[in-house]
Amino acid sequence: STFNITVNALPVVTQSPFANVCLNSGLITLTGGSPSGGVYSGTAVSSGQFNPALAGVGTYSILYTYTDVNGCSGSASQNITVNAIPTVALGNNVTQCGGTILLDAQNPGLSYLWSTSATTQTITVSASGNYYVIVTDGNGCTNSDTIAIIINFQPVVALGNDSIL
């Protein structure tokens with residue numbers, strides 16, 4: 001007797017490189033796998049999305065697997081890097097009588113954008129209000145903080161002209 005055996009070729013699967021992300025990027029929809037219709041898997045991957053906050057800072061391998069109509073599977077992987085975000089802490093809210101307050105975003109050498117439009121590491125404020133700063137690092141990762149400042153007016157005392165009795 002004779003019978004035929006069909007050997008199907010494995011699908012050729014590719015995955016485009018992933019861009020680096022920041023810890024606070026939110027869910028990242030994974031794309032770039034070919035042929036389309038495959039499944040992504042790896043650390044902090046669910047339903048085709050990668051969660052940087054769940055993964056943490058580091059480099060992770062993401063696997064893309066495609067199964068064709070014959071049940072043959074192929075896969076490809078790429079790394080995704082999760083970068084840390086800058087630590088920004090302007091401190092506790094401040095209430096004081098008169099004067100000025102120096103606000104410091106810390107993180108020397110990074111980029112800053114204050115609610116006042118200033119782009120320096122520190123600003124001096126002399127008016128009540130809410131002030132925030134956005135700090136951006138070399139990876140494009142950002143973090144921010146807000147502080148409430150209340151500067152009360154100094155009381156003015158006027159006793160009048162001197163009198164001689």
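Mentor: Helices (H or I, at least four residues) and strands (E, at least two) are DSSP runs, numbered from the N terminus. The model is predicted, so local features need pLDDT of at least 70 and side-chain atom pairs count only at pLDDT 80 or more, while totals for chains, interfaces and linings use all residues. Residues are numbered from 1 along each chain as its sequence is written, and side-chain values use heavy atoms, with hydrogens and water left out.

Trainee: Where is Ser47?

Mentor: Ser47 is not a glycine, yet its phi is positive, about 50 degrees. Most residues other than glycine have a negative phi. The place of Ser47 is in the loop between strand E6 (45-46) and strand E7 (49-50).

Trainee: Is Ser47 buried or exposed?

Mentor: Buried means under 20% relative accessible area, exposed means over 50%, and partly exposed is in between (1.4 Å probe, protein chains only). The relative accessible area of Ser47 is 76%, so Ser47 is exposed.

Trainee: How does Gln106 count in terms of accessibility: buried, partly exposed or exposed?

Mentor: Gln106 lies in the loop between E11 and strand E12 (111-114). Its phi is near 60 degrees, a positive value in a residue other than glycine. With a relative accessibility of 38%, Gln106 counts as partly exposed.

Trainee: What is omega for the peptide bond from Ser34 to Pro35?

Mentor: Pro35 is placed in the loop between strand E4 (33-34) and E5. Most peptide bonds are trans. The bond from Ser34 to Pro35 is cis, with omega near -5 degrees.

Trainee: What is the radius of gyration of the chain?

Mentor: The chain has one helix and 15 strands. The radius of gyration is taken over C-alpha atoms, and the globule rule is 2.2 Å times the number of residues to the power 0.38. For 165 residues the rule gives 15 Å, and the chain is well over that, so it is more spread out than a compact globule, with a radius of gyration of 29 Å.

Trainee: What does the C-alpha trace span along its principal axes?

Mentor: Buried residues make up 28% of the 165 residues in the chain. The C-alpha trace spans, along its principal axes, about 140 × 25 × 20 Å.

Trainee: Which residue in E9 is the bridge partner of Cys22?

Mentor: E2 and strand E9 (residues 73-83) pair in the parallel sense, over two bridges. The partner of Cys22 in E9 is Asn83.

Trainee: What is the relative accessibility of Asn83?

Mentor: Contact means heavy atoms within 4.5 Å. Beyond its neighbours within four places in sequence, Asn83 is in contact with residues including Val21, Leu23, Val57 and Asn139. Asn83 counts as buried because its relative accessibility is 13%.

Trainee: Which backbone nitrogen does the side chain of Asp137 reach?

Mentor: Asp137 is found in the loop between strand E14 (129-136) and strand E15 (142-152), and is buried, with a relative accessible area of 17%. A polar contact is a pair of N or O atoms within 3.5 Å; within protein, one must be able to donate a hydrogen and the other to accept it, and residues adjacent in sequence count only if both atoms are side-chain atoms. At 2.9 Å, the side chain of Asp137 reaches the backbone nitrogen of Cys141.

How values were computed: Two strands pair if DSSP finds at least two bridges between them.
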